[in-house]
Amino acid sequence: QPSQSDFRSLVEEILSLYRQAHAEIRFDYSPDGVRDLYIDRQQMRRALINLIDNAVTAVLDEGGAVSVQTEFLPETGRAVIRVMDTGIGVPAGLREKIFEPYFSYGKKGMGLGLPIVKHIVEDHSGTITVEDNRPKGTVFRIELPVES
């Protein structure tokens with residue numbers, strides 16, 4: 001049930017919960033250029049929580065940072081959302097497989113989280129990719145239309 005939603009408040013709401021639960025991890029948010037998005041707020045919340053949970057798991061043992069960045073691309077009318085961590089990263093050979101159901105390279109999990117995230121993003125006419133965060137970690141990059 002998509003509607004015009006305050007994306008900044010959604011991210012801040014989610015990150016405030018993580019900040020309380022994980023004081024050993026730094027959580028940052030850079031909301032450059034994106035405020036409202038035409039989204040199903042509950043579904044997008046679910047997708048972001050899943051990505052942030054994965055990022056927390058990646059940095060939990062050694063501390064680190066989890067960041068969310070947004071950016072508006074005026075030439076395409078799309079928003080870019082990046083969920084980044086300074087954790088262990090995703091090996092290049094596994095990047096396509098991580099979006100397949102029941103595939104997991106972690107110690108826990110059933111391998112359903114990222115396929116669900118991908119499905120939610122695609123339901124919003126968006127795309128999701130994974131890449132390296134330099135010097136270490138992972139970046140999940142979501143691109144969504146700003147308007148319906």
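Visitor: Are F99 and F140 buried or exposed?
Guide: Both F99 and F140 are buried. Keep in mind that this is a predicted model.

Visitor: How many aromatic pairs are there?
Guide: The count comes to two aromatic pairs. In one of them, Y18 and F27 have ring centres 5.9 Å apart and planes at 40 degrees, so that pair is tilted. Y18 and F27 are both buried.

Visitor: What about F99 and F140, what form does their pair take?
Guide: The pair of F99 and F140 is edge-to-face, with 6.3 Å from centre to centre and 90 degrees between the planes.

Visitor: Why two values for each pair?
Guide: Because a pair of aromatic rings is described by the distance of the centres and the angle of the planes.

Visitor: Where do F99 and F140 lie?
Guide: F99 is in the loop between β5 (78-85) and α3 (113-123), and F140 is in strand β7 (residues 138-145). The pair therefore ties together parts that are 41 residues apart in sequence.

Visitor: Moving on to α3. Which residues in α3 are buried?
Guide: In α3 the buried residues are G113, L114, P115, V117, I120 and V121.

Visitor: And what covers the buried residues of α3?
Guide: The cover includes α2 (41-59), β6 and β7.

Visitor: Why would residues a few places apart in a helix point the same way?
Guide: An α-helix has 3.6 residues a turn, so residues three or four places apart point the same way.

Visitor: Is S125 buried or exposed?
Guide: S125 is exposed, because its relative accessible area is 52% and the cut-off for exposed is over 50%.

Visitor: Then G126, buried or exposed?
Guide: G126 is buried, with a relative accessible area of 9%. G126 is placed in the loop between α3 and β6 (127-132).

Visitor: What does G126 touch?
Guide: Not counting residues up to four places away in sequence, G126 touches R78, V121, E143 and L144.

Visitor: R78 came up there. Where is R78 found?
Guide: R78 is in strand β5. R78 counts as buried, because its relative accessibility is 18% and buried means under 20%. Leaving aside neighbours within four places in sequence, the contacts of R78 include E71, F72, S125, G126 and E143.

Visitor: What joins the side chains of R78 and E143?
Guide: The side chains of R78 and E143 are joined by a polar contact of 3.1 Å.

Visitor: New topic: which residues does the cis peptide bond join?
Guide: The cis bond joins R134 and P135, and its omega is about 10 degrees. Most peptide bonds are trans. P135 lies in the loop between β6 and β7.

Methods: Residues are numbered from 1 along each chain as its sequence is written. This is a predicted model: local features need pLDDT of at least 70, side-chain atom pairs count only at pLDDT 80 or more; totals for chains, interfaces and linings use all residues. Side-chain values use heavy atoms; hydrogens and water are left out. Rings of Phe, Tyr and Trp (its six-membered ring) pair if their centres lie within 6.5 Å; planes under 30 degrees apart count as stacked, over 60 as edge-to-face and the rest as tilted. Buried means under 20% relative accessible area, exposed over 50%, partly exposed in between (1.4 Å probe, protein chains only). Helices (H or I, at least four residues) and strands (E, at least two) are DSSP runs, numbered from the N terminus. Contact means heavy atoms within 4.5 Å. A polar contact is a pair of N or O atoms within 3.5 Å; within protein, one must be able to donate a hydrogen and the other to accept it, and residues adjacent in sequence count only if both atoms are side-chain atoms.
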